[in-house]
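Hi,

Here is the structure I promised to pass on. My notes on what turned up follow below it.

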Amino acid sequence: MNMPIVQLLVLAGIAIFLILRLRSVLGTRDGFEKPKVPSSQGRRDDARRDFEVIEGGPDHDIVDHVPENSPAAEALAKMKRVEPSFSVSEFLSGARGAYEMILMGFERGDMDELRPFLADDVYDSFDGVVAARREQGLTVEAEFIGVRELSLADATFDESDGLAEITVKYVGELTSVVKDAEGEVIEGSPTAVKRQKDVWTFARNMGSDDPNWQLVATDE
């Protein structure tokens, strides 16, 4: 037998010996090793700690908009207890859209479309202004630019009847022109953007089937 063959046999024998030694130490393994499963007691302890952190912390859906522990924050928390699906952030998003809809409906004089969203006294006030403009032959041409600022100013909740009221401050931007019966501009400009500040209060009975909030008061 020549020398190269002898060397190969020796190396092969060493390799087989090493493989057998490794298997005896490490064992065999098919595929991926299953992860270590924590004990059920550990899972319960972790879940309890997570729950305590969530329950003990502030509700950011509330404290992101009003000071923690303020009367407004307490009122909003009571609203959520009566109606857990209520979201302050979603309410403010809807209030932003309602501002444009109501403001532009008033400018155009489309009071029938606004009727479901206005309390009776607010509707009567708006409708009186629209009727007076119509009697004088005045028309308004307005274009809504957007809401520059919006913030939650106050919130109250009457637990006896579930009535919730939320006050929102707006700073809106729009162009507005008032024309007389001859079409002559008597006020405003079609190009000048004016900034308008409003404070509106919306109300709703929490827990009721009607999801719509009504505008119950306006101020500046």
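**Phe91 and its surroundings**

Leaving out residues up to four places away in sequence, Phe91 touches Phe86, Ile166, Val168, Phe202 and Trp213; contact here means heavy atoms within 4.5 Å.

Before you dig in: this is a predicted model, with pLDDT of at least 70 needed for local features and 80 or more for side-chain atom pairs, while totals for chains, interfaces and linings use all residues. Numbering runs from 1 along each chain as its sequence is written, and side-chain values use heavy atoms, leaving out hydrogens and water.

**The core**

The largest nonpolar core has 40 residues, and Phe91 is among those touching the most other members, along with Leu76, Met79, Phe86, Leu118, Ile166 and Phe202. (Such a core is a set of buried Ala, Val, Leu, Ile, Met, Phe, Trp, Tyr and Cys residues joined through side-chain atoms within 4.5 Å; buried is under 20% relative accessible area with a 1.4 Å probe, protein chains only.) Elements that each supply at least two residues include helix H4 (71–82), helix H5 (88–108) and strand E1 (139–158). H5 gives the largest share, ten residues. (Helices, H or I with at least four residues, and strands, E with at least two, are DSSP runs numbered from the N terminus.)

**The sheet**

Four strands make an open antiparallel sheet, ordered E1-E2-E3-E4; strands count as paired if DSSP finds at least two bridges between them. At the edges sit E1 and strand E4 (214–219), each pairing on one side only. E3 and E4 share five bridges, and Val199 stands opposite Asp219 in E4. H5 packs on this sheet, touching E1, E2, E3 and E4.

Cheers

Terms used
Buried means under 20% relative accessible area, exposed over 50%, partly exposed in between (1.4 Å probe, protein chains only). Axes are lines fitted to C-alpha atoms, for helices over the stretch in contact, and angles run from 0 to 180 degrees between N-to-C directions.
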